[in-house]
Amino acid sequence: MAVVTGATRGCGRAIAVELGRLGWTVFVTGRTTRDRQSPMKRSETIEDTAELVDAAGGRGIPVRTDFTEVSDVDALRARIESEVDGRIDLLVDDVWGGDQFADFDGAYWDSSLDDALTLVHNALDTHLIALHRLLPLVVKREGGLVIEVTDGDHDEYVGAGIPYFLAKCGIRAIGRALGAELKKYDCVGMTVTPGFLRSEAMLDYFGITEETWRDAVGKAAPVDFAISETPTLLGRGVAKLATDPEVSRFAGKTLASWTLMNEYGLTDVDGSRPDFGKWMAEVRETGKDPETADHSLYR
């Protein structure tokens with residue numbers, strides 16, 4: 001039995017679906033339903049995700065939950081306790097909700113302070129609320145797994161603005177702390193990250209589709225987009241972690257989608273093996289011209 005927060009779209013949705021493919025029951029949580037749209041103003045809904053979980057072979061249970069509201073999370077916990085004997089085998093914490101508040105270009109002191117504080121609130125407070133209320137259902141028995149989802153597998157500053165950096169580093173820090181704290185209960189805590197993600201929102205941002213994205217590389221989208229991946233790659237990695245009897249070896253660590261891909265021999269939906277970490281290390285960080293680099297070496 002799993003709970004996936006932020007399961008409306010992106011990696012959260014893909015993770016929920018891949019768990020469904022394993023036959024799991026998944027509580028699909030997020031803010032957007034068919035009757036009520038979140039401030040993200042996206043079309044994807046938790047009901048859509050739950051139906052995809054069902055179609056994959058699992059059982060999807062959509063529960064609208066705003067993780068900035070403690071009462072919402074309390075209601076989610078009460079429902080879990082009533083429907084599945086109050087146990088959580090896997091908690092995937094993928095709440096974000098910060099895209100529209102991020103300023104990637106200007107100086108921090110010239111940006112909106114309200115936006116900065118809202119980004120951090122949506123990205124970090126939500127995780128703390130979810131963990132405070134739901135961890136008791138994870139540690140009830142041995143073998144529970146908690147996976148935080150972030151952006152990036154290290155804490156070096158590479159731009160993107162101070163609030164965004166703080167939020168994503170904070171999630172990795174939570175994962176490290178969970179690795180130590182949950183070990184006391186014979187459970188495991190850790191963090192994962194995707195690479196350059198071809199999420200629904202990212203495709204819309206570049207004005208492309210999953211079918212046309214290759215034609216946009218170096219045009220509508222940057223050259224690095226050639227090494228992009230679908231959310232399914234990380235979803236498949238999380239599914240492997242969830243069924244790995246030796247997952248405790250990763251306690252406290254942050255594992256990237258490409259690390260999981262290489263560890264478990266995974267591919268993306270098109271059969272490719274996009275290694276964004278290798279691309280960054282061998283091309284971007286060495287100063288090579290990404291325009292002339294052989295993209296096929298990293299897929």
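Helices (H or I, at least four residues) and strands (E, at least two) are DSSP runs, numbered from the N terminus. With that in hand, I counted 10 helices and 7 strands in the chain.

**Entry 1: ground rules**

I noted that this is a predicted model, where local features need pLDDT of at least 70, side-chain atom pairs count only at pLDDT 80 or more, and totals for chains, interfaces and linings use all residues. Residues are numbered from 1 along each chain as its sequence is written, and side-chain values use heavy atoms, with hydrogens and water left out.

**Entry 2: the whole chain**

I looked up the overall dimensions next. The C-alpha atoms fill a box of roughly 55 × 45 × 35 Å along the principal axes. For the radius of gyration I took C-alpha atoms, with a globule rule of 2.2 Å times the number of residues to the power 0.38. A compact globule of 299 residues would come out near 19 Å, and the chain has 19 Å, so the two agree.

I then turned to burial, where buried means under 20% relative accessible area, exposed over 50%, and partly exposed in between (1.4 Å probe, protein chains only). Of the 299 residues, 53% count as buried. The accessible surface comes to about 13,400 Å², and 50% of that belongs to carbon and sulfur atoms. Those areas come from the Shrake-Rupley method with a 1.4 Å probe; for residues, only the protein chains shown count as cover.

For contacts I used heavy atoms within 4.5 Å. Among contacts between residues at least 6 apart in sequence, 68% join residues at least 24 apart.

**Entry 3: the cavity**

Rolling a probe the size of a water molecule over the atoms shows where empty space is left. On a 1 Å grid over the protein atoms alone, a cavity is a set of points where a 1.4 Å probe fits but cannot get out; a pocket is an open set with protein on both sides within 12 Å along at least five of seven lines; lining residues have an atom within 4 Å of a point. Grid points are joined across faces, edges and corners, and a volume is the space filled by probe spheres set on the points.

How many cavities of 30 Å³ or more does the structure hold? I found 1, and the largest cavity has a volume of about 30 Å³. Its lining is made by Val 95, Trp 96, Ala 123, His 127, Val 149, Thr 150, Ala 167, Lys 168 and Ile 171. Helix H4 (113–138) and helix H5 (162–181) are the elements that give two or more residues to this lining, and H5 supplies the largest share, 3 residues.

To sort linings, I count Ala, Val, Leu, Ile, Met, Phe, Trp, Tyr, Cys and Pro as nonpolar, Asp, Glu, Lys and Arg as charged, and the others, Gly among them, as polar. The cavity lining then divides into 6 nonpolar, 2 polar and 1 charged.

**Entry 4: the second largest pocket**

I put the volume of the second largest pocket at about 210 Å³. Its lining has 14 residues, and Arg 13, Ala 14, Glu 200, Pro 231 and Thr 232 lie nearest its centre. Helix H1 (10–21), helix H6 (200–206) and helix H8 (231–242) each give two or more residues, with the largest share, 4 residues, coming from H1. By class, I have 6 nonpolar, 4 polar and 4 charged.

**Entry 5: the loop between H4 and S5**

I checked two residues here. Val 139 is in the loop between H4 and S5 and is partly exposed at 25% relative accessibility. Leaving aside neighbours within four places in sequence, Val 139 touches Leu 182, Tyr 185 and Cys 187. Its C-alpha atom is 7.6 Å from that of Leu 182, 43 residues away along the chain.

Gly 144 sits in the loop between H4 and strand S5 (145–149). Is Gly 144 buried or exposed? I have it as buried, with a relative accessible area of 4%. Beyond neighbours within four places, Gly 144 contacts Asp 89, Val 138, Asp 186, Cys 187 and Val 188.

**Entry 6: positive phi**

Most residues other than glycine have a negative phi. I noted Asp 186, with a positive phi near 55°, in the loop between H5 and strand S6 (188–193). Asp 186 is partly exposed at 47%. Ala 160, in the loop between S5 and H5, has a positive phi near 80° and is partly exposed at 26%.
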